[in-house]
Structures are given as C-alpha cells and as structure tokens.
Amino acid sequence: MEIHGVELDFSLFNEDKKEVKEKYFVELQKMSHVKENMPDGTEQEKSKYLCDSIKCMFDNIFGEGTGVQVCGEDNDLLKHMDAYDQLVSEQIRQQDKYAEIMKRIKNMKVKK
C-alpha cells in the first residue's frame, strides 16, 4: 500500500510477513488509549503528542524512520491523522475481503 507517496508492505494475510500483522495490532491497541494518555496542556502540545504517537506507530510497525517518511518532519496533525486513517482503512479492507472470500468458499456448491 502507499501512503503519502511511501510504499508500505502491509499484507495482513501474508504468513511470511506475520510480524507486521502482530506489530500492527499491538500498535493499534496502544492507539486506542492515546486519548486517555494525552497530557494536559495547550492545543499545540496535544497536537504534537498525537503526531508523535502516530509517527511512533509507523516506526514500530514498519521500521525506524517510517513515521517521518509517511507523515513528514513537522506536526501537521491532519496529515498524520490521514496517514493513520489510511492504514486502518486498509486493515479493514483486507479483513472484509478475506471474510467475503471465505463466505463464498463456505457457501460454494460443487456441481456433479
């Protein structure tokens, strides 16, 4: 998949890349707590915290430096949130596609 011009190897059902899937779900769980862990402070501080959290997520899944490659060095919160949204949307797309195919296989009738 590509996010902001950066190609990412994100295939949840590729057993040869199982570690990416495992890292992704660990990081997704961390992100589910980002709001409750957000420090008190100015809007600028909160925005920086969110940007840093998203960059860190990309680094932990795809390797050090990926967060900056995907989101940029600055703290454009909308760009960071868009990158996060694209990644999660791709996860959902892949899982839906898998479920759809499995349903067709399950309901397949063999003609004799």
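The points below refer to a predicted model.

1. Helix α3 (residues 43–62) packs against helix α5 (residues 77–106) at an angle of about 40°. The two axes are 9 Å apart, and α3 passes α5 in a left-handed crossing.

2. On the α3 side, the contact is made by S47, L50, C51, I54, K55, M57, F58, I61 and F62. Their counterparts in α5 are L77, H80, M81, A83, Y84 and L87. Sorted by class, this contact has 12 nonpolar, two polar and one charged residues.

3. E27 sits in helix α1 (residues 18–31). Its relative accessible area is 6%, under the 20% cut-off, so E27 counts as buried. Leaving aside residues up to four places away in sequence, E27 touches C56, M57, N60 and I61. Of these, M57 and I61 also belong to the α3 residues that meet α5.

4. The side chains of E27 and K30 form a salt bridge, with 2.9 Å from N to O. Both residues lie in α1, three residues apart, about one turn of the helix. K30 is partly exposed at 47%, whereas E27 is buried at 6%.

5. The structure holds five salt bridges. Another one of them joins R104 and E100 at 3.0 Å, N to O; these two lie in α5, four residues apart, again about one turn of the helix. R104, at 47% relative accessibility, is partly exposed, and E100 is partly exposed at 39%.

6. D9 also forms a salt bridge, with K17, and the closest N and O atoms are 2.8 Å apart. D9 is partly exposed at 42% relative accessibility, and K17 is partly exposed at 31%.

Methods:
Residues numbered from 1 in each chain as written. Predicted model: local features only at pLDDT ≥ 70, side-chain atom pairs only at ≥ 80, totals over all residues. Heavy atoms only, no water. Axes fitted to C-alpha atoms, helices over the stretch in contact; angles between N-to-C directions. Left-handed = near helix turned anticlockwise from the far one by under 90°. Contact = heavy atoms within 4.5 Å. Nonpolar A, V, L, I, M, F, W, Y, C, P; charged D, E, K, R; others polar. Buried < 20%, exposed > 50% of the residue type's maximum accessible area, 1.4 Å probe, protein only. Salt bridge = Lys/Arg side-chain N within 4 Å of Asp/Glu carboxyl O.
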